[in-house]
Amino acid sequence: MITVERLTKRYGGHPAVDDVSFTCEPGTVTGFLGPNGAGKSTTMRMICGLTPPTTGSATVGGTPYRRLGNPGRHVGVLLDASAQHSGRTGREVLSLAAITMGIDTREVPKALDRVGLNAVAGKRRVKAYSLGMRQRLGLALALLGDPAVLILDEPANGLDPEGIYWMRGLLRDFADRGGTVLLSSHLLREVEAVADRLVVIGAGKVVAQGDKAELLAQTGTLVRAADPAALALMLERAGLTGTRTTDGGVVVPTGSEVIGRAAADAGLVLLELRPAGSGGLEQMFLTLTAGDSVKEAVR
Amino acid sequence: MTAVLETQTPSVRSESGRPVPLGRLTVVELRKLADTRAGLWLLIVIGLATVGTSAIMLGWATDAEQTFEGLFGFGMLPSAVLLPVLGILSMTAEWSQRTALTTFTLVPARERVIVAKLAAGVIIAIASTVATLALAAVANLLAGALGGDGGWDIAGSLIWQGLAMQVLYVLMGLGFGALLLNSPLAIVAFFALPTVWTILGETIKALRTATGWIDINTTTTAMGEANMTGDEWARVGVSAAIWVLVPLALGIWRVLRREVS
């Protein structure tokens, strides 16, 4: 269980994370979504006690991270797969962590095997690893202490489609056995496939959070007409504002009946009228966070 | 690739209180000194250079100079110069290679990691002194067989003073590393700054008295000669406070506060 309460981090006057609160329950995967620079990594670093928050607090299993005596045995953390000494072998990276956590180093080959790295890969230096292999090594490190909570920042980066599929299975299984997973991404599709809950963050603020199904249900109606111009006119007359999708449809934040009636009254031919689902969530995601990615801060 | 998943249930354990023991952390820090290419080669070079000092003594020194004491004194030189670099890398690599992210995630009490690094530094300094003693003994046996003096007399103070000097310089390296958190910068500063001070002290008359107390290169010269006086120890103490304690204190403060990203 992860509890984040009103976390705020300011750099100078600029709030990188602004009053963020959410909880991750055991048995669930929480997707932490937002464009680059939205404050996902800063929030995760604050949860893990690496960055002191300006205000607010976070606990893991009811305890602030920094007060966990041997945190590796409770929380598996992967914040940046590239943050490993390039001159150390993969096996050595895990051995150091194992000794620190008080785990038999004979577990290390098993841990490597669990993430699909064989003995040859284990003996190679991290310098020779691809980003995908580094992510696997990072996951092995996170899972090494047999934790109850996983905190993963963009773990799918650099994994091939097969690797992403494998990771989803691993996280799903971890949660199904009662574990808590917090997983960040800037790609909605990637998280949608595995998450039970979503927390969407933009410009440091939580812009939406809740059950994935609920969020998907709330995102409005997708409508497509034979005559797009007439549809736009009709929506305007009905006082509805829609957002255009890339493939010519319009997502309108209302139920399908309202639009259907308005279209019938206007004698408009509709080609498509359905709940917007993830397409709507993506639209919302883009709208709510528009412009943030270009302003991505360099610290 | 497929992977076998373990079947036990993940659950937060109740025994969350006990921190990672310092002994375990020290073992980890010692291991980190030698488990990278840079660290391992540095140790190999120190070993070869120390063997080299014995070879030079046996090959070129006068017969009278080929004693256990002489071999030990000269043999301490390579490790006195190069071991501090290992200390520097121990601190800086965490940040330049960004392993601090893993280290401080596994051990949020950063001061414990720092203490383990200092302990590892002291242990490696002791180990190198012991190794140098052993090597000097072997070389001395050879010296005796090859017609050199081969005398075994050594002032006990020389061993302790040599050990103290090794520890001092390794701690100075750790201090510079922690303060600057950047490998090339810390290595250059470690070698250049004291030397610059030595040159200044020798050129500028007004600084000469101060140099006798502040210049660590000058004050530690006495550590290579038997039976240091109280005055000499005091001078070592003052210079060490400036070159070892101050960087170490500021460096630890910096590491404790710095945001890890």
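At what angle do helix 3 and helix 5 of chain B pack? Helix 3 (residues 68–96) and helix 5 (residues 110–145) of chain B pack at an angle of about 155°, and their axes are 9 Å apart. Here helices (H or I, at least four residues) and strands (E, at least two) are DSSP runs, numbered from the N terminus, while axes are lines fitted to C-alpha atoms, for helices over the stretch in contact, and angles run from 0 to 180 degrees between N-to-C directions. Helix 3 and helix 5 of chain B are therefore roughly antiparallel to each other, since angles under 35 degrees count as roughly parallel, over 145 as roughly antiparallel, 65 to 115 as roughly perpendicular and the rest as oblique.

This is a predicted model, in which local features need pLDDT of at least 70 and side-chain atom pairs count only at pLDDT 80 or more, whereas totals for chains, interfaces and linings use all residues. Residues are numbered from 1 along each chain as its sequence is written, and chains are lettered from A and ligands numbered from 1 in the order in which they are written.

Chain B as a whole has ten helices and zero strands, and its C-alpha atoms fill a box of roughly 75 × 50 × 30 Å, taken along the principal axes.

Strand 11 of chain A is joined by two bridges to strand 12 (residues 250–252) of chain A, and A:Thr243 has A:Val251 in strand 12 as its bridge partner.

Finally, consider where the chains meet. In total, 45 residues of chain A are in contact with 38 residues of chain B, where two residues are in contact if their C-beta atoms, placed from the backbone, lie within 7 Å. On the side of chain A that touches chain B, the largest share, six residues, comes from helix 2 of chain A.

Definitions and conventions
Pairing = 2+ DSSP bridges.
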